[in-house]
Structure formats: structure tokens, C-alpha cells
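User: I'd like a close look at a single part of this model, the packing inside it. Here is the structure.

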Amino acid sequence: MTDDLPLHSRTPIEWGRAVLADPVRLLADHAFLEMKAANNAMDMLTRWPGEWLPGWVETMTSVARDEAAHLSQVTRILLRRGGRIERGHTNPYAKALRALVRNGAGHETIDRLFVSALIELRSCERFAVLTEAASEDPELAAFYKTLYTSEFGHYKVFLRMAYRLADKAAVDARWQEMLAHEARILAEQAPGPRIHSGAPRGAGC
């Protein structure tokens, strides 16, 4: 299911089994991720390049609506299992990706789109791994399976928008740089029950 994802590293099934050992903390992290994704789409809504880009507002509004729906879904599961959304949650993976954004109107918008695409892309891959690893938890397996298609669509949307802003060769080159950075950043993450955590010791990623 993940063969068509252009990631420079792959998440082993051992990661999925490890994070599912603490499903409540994993769901709490996931809820925060969806909240940030919705906020990011709303922020991007106000950052259309130049005077106007046809489809920008409609696209970001649609993504924000999807992410808010995902937040509602994951929150319901989290609350049923005795958890809650954490205050002051941090995501070192996303923070490291955002640090790659270059200054300057042209570069900044493209890089912000790439960061958004990368987070969706890796989340998509992780949801596929969780679907397989959660064989003994049918609720979570079904939930993560349904999210795969949506996250894949969001990744494609952000990437397509980036390619509308600059020369294809320049965008291609920067996208490959960002993919390489993403794999490195993920490899540096500590293990734990988080959607973007590192692989457990002894399991490559």
C-alpha cells in the first residue's frame, strides 16, 4: 500500500507494534497532530502567493475541514479509552521540518507547502503500518485504514500547489532535498507512542 510513496526511508512493522503498546498516548499525540494540521491549513489560507492563486482558498478550506473531522474522530476514540488531549504537547519532528523553511516570499511559501506535504506523506505511511500492526485492535485498524486515503490526498494537494509556484526543475530539486532531510530528521527521533516517533532499537526506519 505504501510502494507509491516517495519517502527516502520506510517504517518497519516493529514501530507499529511498539507504539500500539500504549494506544492512549498514541491517540493523544495523534489528536494533537490533527489539531495542528487543521490550524496549519487555516494559516496557509491567508498566505496565498502574489495577489491571488485560483483554487488556493478553496483547497486550504477543504483540507482544514478534513483535518477538523479527523480530530473529532480521534478525540472520540481517545475519550472512550480514558484519555484526553494534552496541553502543551510538542512535536520535535514537525519542529525540525519547519526549521528548513527558507526566508523570502517565493521560497517560504513553497517550503511551507513542502513541509505540509511531508508531514501528510509520512503520516500516510505510518497509518498504513498501524493498520497492519493493529490486527488485535479492530477499531484502531479500521480507523487508521480510513485515514490513509485522506492523508494521501492532502499530500498530493500540497505538492501540486507547490508546483504551481515555480519552475518545475527548481521545485523538483527542492522537493528531493526536503525528502532527504525528512528521512534524516525522522531517524533522529526518539522512540515512543507518537505518530512521528523514531523506530525502536534494533528496528531500522
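Which residues touch the most other members of the largest nonpolar core?

Analyst: Some ground rules: this is a predicted model, where local features need pLDDT of at least 70 and side-chain atom pairs count only at pLDDT 80 or more, while totals for chains, interfaces and linings use all residues. Residues are numbered from 1 along each chain as its sequence is written, and side-chain values use heavy atoms, with hydrogens and water left out.

Now the core, meaning a set of buried Ala, Val, Leu, Ile, Met, Phe, Trp, Tyr and Cys residues joined through side-chain atoms within 4.5 Å. Buried is under 20% relative accessible area, exposed is over 50%, and partly exposed is in between (1.4 Å probe, protein chains only). The largest such core has 61 residues, and the ones touching the most other members are Leu 97, Leu 113, Phe 114, Leu 130, Tyr 144 and Trp 175. At least two core residues come from each of α1 (13-19), α2 (23-45), α3 (56-80), α4 (92-98), α5 (105-133), α6 (138-163) and α7 (168-187). Helices here are DSSP runs (H or I, at least four residues), numbered from the N terminus. It's α5 that gives the largest share, 14 residues.

Take Phe 114: beyond neighbours within four places in sequence, Phe 114 is in contact (heavy atoms within 4.5 Å) with Leu 159, Ala 162, Val 171, Arg 174, Trp 175 and Met 178.

Glu 125 counts as buried at 1% relative accessibility, and Arg 122 does at 0%. Both lie in helix α5, 3 residues apart, about one turn of the helix. They form a salt bridge (a side-chain nitrogen of Lys or Arg within 4 Å of a carboxyl oxygen of Asp or Glu), with the closest N and O atoms 2.9 Å apart.
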